[in-house]
Amino acid sequence: MVEDLVIAAVAAGSAGAVYAMAAARVIKQYERGVVLRLGRLRERIRQPGLTMIVPGVDRLRKVNMQIVTMPVPAQEGITRDNVTVRVDAVVYFKVVDPAEAVIQVEDYRFAVSQMAQTSLRSIIGKSDLDDLLSNREKLNQGLELMLDSPAVGWGVHIDRVEIKDVSLPETMKRSMSRQAEAERERRARVINADAELLASKKLAEAARTMADQPSALQLRLLQTIVAVAAEKNSTLVLPFPVELLRFLERAGHGEGEGEGGRGRDTAAGTARGAPEVPPAEHIELEPADGKDATDRAGTADAADVPNAPDAADGTDEAAAPGWAEALGRAGRSVAGLELPDAPESGTGRTGIGHP
């Protein structure tokens, strides 16, 4: 009798141990347990630690509550400005409602992956190439909203979406490189033009300052010479000082004006003292019988011409040009008459030349 009781107790203990082993479940800290009893959802969510279920009746589903990093395969699409690109992204999400993640969707990971690929192709078609390359933050926010709207019903929260890379065709890359080079060249030319404009203004201001102070130009010349002389491999040619040239020029003009003034005064005095030559119409020439005016001109004496100056009487030679000019005017008005040349200095005589 006692042996039967002992055997029954051992059998019950063994059965209890087997039941306990079959019913005991361990849930980790980052997990939550969802229990389905006979196919119906139990409202109580099992927390981390040791939990018990009814073997054969309850079914425990463990849901990971960590943030999941899911790469989105590269999607090829055409942008709004008709450029073919390949874009890949990464999605960060986590489960916030374990029951909804188990009941509402068969596999929430696969659902999120497919939704991310579809949304990525959609966002490519709605965006320009420049936005994909330089304005990714705005596209990331739009992509996150597109994914988060359906994921809320699945008990999933989309934490973040990032576009990883944008692949362009080689032809487009070369075109963009040429565009960037042209833009940089344009900027360089504009900057150079602005620098030239500013430099011209400064040079004009410096020129006005040097015009007020001529010695500043010489000082600047000396500074330039010092800068050039610092190079040992060049030959320096020292120019003649500009100010010294101007000084010599002014001195030369002063002396020339003094001598010229004295000569002009002497010539003017002599011309004032010289006898005046009457006009040609007051010279009376009477023709003789059998002779023409040419023969009479050949035998005429210097006394026939009134007021002819004589160098021997002390008249200055400077009076000769005035006298010759007067006779020249008279000669032009008398046809067929050759008037005398200018008197020669030192001879003391005035002759009338023959043709």
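Biologist: Hi! What share of the 355 residues in the protein is buried?
Modeller: Buried residues make up 23% of the 355. Keep in mind that this is a predicted model.

Biologist: Thanks. And how many helices and strands are there in the protein?
Modeller: The protein has 10 helices and eight strands.

Biologist: What about the accessible surface, how much of it belongs to carbon and sulfur atoms?
Modeller: Carbon and sulfur atoms account for 54% of an accessible surface of about 24400 Å².

Biologist: Let's look at the sheet with β6 in it. In what order do the strands come?
Modeller: The order is β6-β7-β8, three strands in an open sheet with antiparallel pairing. At the edges are β6, residues 68-78, and β8, residues 156-167, each of which pairs on one side only. From one strand to the next, the twist averages 25°.

Biologist: How many bridges join β7 to β8?
Modeller: There are 10 bridges between β8 and strand β7, which covers residues 84-95. If you want one to find on screen, pick Val-95, whose bridge partner in β8 is Val-156.

Biologist: Which strands does helix α3 lie across?
Modeller: Helix α3, residues 108-126, lies across β6, β7 and β8, and runs at about 35° to β6.

Biologist: And helix α5, which strands does that one touch?
Modeller: Helix α5, residues 136-151, packs on the sheet and touches β7 and β8. The direction of α5 makes about 140° with that of β8.

Biologist: I've clicked on Ser-119. Where is that found?
Modeller: Ser-119 is in helix α3.

Biologist: Is Ser-119 buried or exposed?
Modeller: Ser-119 counts as buried because its relative accessible area is 3%, and the cut-off for buried is under 20%.

Biologist: So what does its side chain reach?
Modeller: The side chain of Ser-119 reaches the backbone oxygen of Met-115, at 2.9 Å. Apart from neighbours within four places in sequence, Ser-119 is in contact with Leu-143, Met-146 and Leu-147.

Biologist: Where is Leu-38 found?
Modeller: Leu-38 is in the loop between β2, residues 31-37, and β3, residues 40-41. Leu-38 is exposed, with a relative accessible area of 67%.

Biologist: And Asn-82, what is its phi near?
Modeller: Phi of Asn-82 is near 60°, again a positive value in a residue other than glycine. You'll find Asn-82 in the loop between β6 and β7.

Biologist: Is Asn-82 buried or exposed?
Modeller: Asn-82 is exposed because its relative accessible area is 67%, and exposed means over 50%.

Biologist: Last stop, helices α6 and α7. At roughly what angle do their axes cross?
Modeller: The axes of α6, residues 170-212, and α7, residues 214-229, cross at roughly 120° and come within 4 Å.

Biologist: Which residues of α6 and α7 meet?
Modeller: From α6 there are Met-210, Ala-211 and Asp-212, and they meet Pro-214, Ala-216, Leu-217 and Arg-220 in α7. By class, that contact has five nonpolar, no polar and two charged residues.

Biologist: One more: among contacts between residues at least 6 apart in sequence, what share joins residues at least 24 apart?
Modeller: For the protein, that share is 63%.

Definitions and conventions
Residues are numbered from 1 along each chain as its sequence is written. This is a predicted model: local features need pLDDT of at least 70, side-chain atom pairs count only at pLDDT 80 or more; totals for chains, interfaces and linings use all residues. Side-chain values use heavy atoms; hydrogens and water are left out. Two strands pair if DSSP finds at least two bridges between them. Helices (H or I, at least four residues) and strands (E, at least two) are DSSP runs, numbered from the N terminus. Axes are lines fitted to C-alpha atoms, for helices over the stretch in contact, and angles run from 0 to 180 degrees between N-to-C directions. Contact means heavy atoms within 4.5 Å. Ala, Val, Leu, Ile, Met, Phe, Trp, Tyr, Cys and Pro count as nonpolar, Asp, Glu, Lys and Arg as charged, and the others, Gly among them, as polar. Buried means under 20% relative accessible area, exposed over 50%, partly exposed in between (1.4 Å probe, protein chains only). A polar contact is a pair of N or O atoms within 3.5 Å; within protein, one must be able to donate a hydrogen and the other to accept it, and residues adjacent in sequence count only if both atoms are side-chain atoms. Accessible areas come from the Shrake-Rupley method with a 1.4 Å probe; for residues, only the protein chains shown count as cover.
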